Number of protein chains: 2
Amino acid sequence: MRVKLTVAYDGTAYHGWQVQPNGITIEEVLNKELTEFFEQDIKVLGASRTDSGVHSLGNVAIFDVDSCMEPTRISYALNTRLPKDIVVVDSCKVDDDWHPHFVDSLKTYKYRILNTTFEDPIRRLYTYHYHYDLDIEAMLRAAKYFEGTHDFRSFCSVKAQVNTFTRTLKEVSVNRQDDEIVVKCTGDGFLYNMVRIIVGTLIKVGEGNIKPEEIEGIIEAKDRACAGPTAPPCGLTLVKIDYI
Amino acid sequence: MRVKLTVAYDGTAYHGWQVQPNGITIEEVLNKELTEFFEQDIKVLGASRTDSGVHSLGNVAIFDVDSCMEPTRISYALNTRLPKDIVVVDSCKVDDDWHPHFVDSLKTYKYRILNTTFEDPIRRLYTYHYHYDLDIEAMLRAAKYFEGTHDFRSFCSVKAQVNTFTRTLKEVSVNRQDDEIVVKCTGDGFLYNMVRIIVGTLIKVGEGNIKPEEIEGIIEAKDRACAGPTAPPCGLTLVKIDYI
């Protein structure tokens, strides 16, 4: 059977989702624990390859297994084996041909900017501390230019290798929540570092170094050098993936 | 001059506040960095000796130093030296005879219970995960019995050596905040493990194993064995100390 997992993790200690030679990854830990538990060679396939240091409340992974175990029990069994910073919050059976890359989905990311004079040690791993004032009104106006279907080449790491840079963002919002500024992005897909470059650019807008109406031109330029810097990974969390 | 520091920290990696032989403590780190920075042997004195694993947003410490440095700049200078999980959020000069143990104060602690089916990896170090339903209404009624002046021997670790077990709690509240249940305790002083035993007892109430009106008798018993268990340290944060 094919099983779909919903996976939450604290990305602090991991070199991102995808297996790679120079550090431990979420995918690697899941492969190891599933292989040991089912005593079969199991490889998961993830919906989103989050970067090193990025967190998740609801990444999705599938794997195939020869087992008659009740699928909803797999999450409980796995959680007793997994390290505390990875939690499977749901497991269910899906059709044998269900594949997260070939089903329309909406991914929601949240980026938390801690906007205080001093760093907060309790939130330091899950927020980006920025201690100057930011013009949230301007950031929100700028955010609206990202919504819709665009070629997001300006907001993609130059390292990315993809067929198309076109993505559709359904919503980009900026909200103050107590002492945090939260940027929320929902879209049908995201390029490599895309949310972090959008946030880095919105911070430039909040500082007054980019005008909100300049975003349109930055998108049109299709040039990474025109956008702002890539915001640090620790502030970013993949909140959920909705299959539609 | 005598300097007062307000210190925030993530207690996860520390064996509490007070210097001790078998692990690194907050006090020890502050002593080391202050001694190196001022090139004088400096020892801080803390207002609250938080336990191993307990967090703080506003513990207070004093130290004496021979320096003409602007006191408010000390926090900035120290933060460049301190590890990321300790942040001095304020520094100011106080009278030479000002001492946190001999000034009336109100301490506020917050205990966060994450009340969800699965652990949240992003909050695991700062909340106590409890996955069964809790009767918050009953917990709140029970909480009110703690308010006022009582002999809190039943809510004190048997290891404690103190002259008096009498403390005055100004407020004990229980609130649901999204998927967390937050217990807030404000009082003029707290015994060893007192907040954690109060929370452990309130959880017993929430489970239906202790009735709210039984709290009165548990306090009167002056016997640690009558109260509930000591809740884990990770859920506890010293929020602030007000000098009145």
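Which residue of chain B forms a salt bridge with A:Arg124? Before looking, note that this is a predicted model, in which local features need pLDDT of at least 70 and side-chain atom pairs count only at pLDDT 80 or more, while totals for chains, interfaces and linings use all residues. Residues are numbered from 1 along each chain as its sequence is written, chains are lettered from A in the order in which they are written, and side-chain values use heavy atoms, with hydrogens and water left out.

Select A:Arg124 together with B:Asp10, which is the salt-bridge partner, and you will find their closest N and O atoms 2.9 Å apart. A salt bridge here is a side-chain nitrogen of Lys or Arg within 4 Å of a carboxyl oxygen of Asp or Glu, and the count between chain A and chain B is two.

Next, select the whole interface, where 25 residues of chain A are in contact (heavy atoms within 4.5 Å) with 25 residues of chain B. The two chains bury about 1800 Å² between them, 71% of it on carbon and sulfur atoms, where buried area is the accessible area (1.4 Å probe) that two parts lose on being put together, summed over both. Within chain A, pick out A:Phe118, A:Pro121 and A:Ile122, which lose the most area to chain B and together make up 37% of what that side buries.

Finally, select A:Arg123, whose C-alpha, at 4.7 Å, comes closest of the residues of chain A to the rotation axis. The copies meet through the same surface, because 100% of the interface residues of chain A are also interface residues in chain B.

Definitions and conventions: Copies are superposed by least squares on the C-alpha atoms of residues with pLDDT of at least 70 in both.
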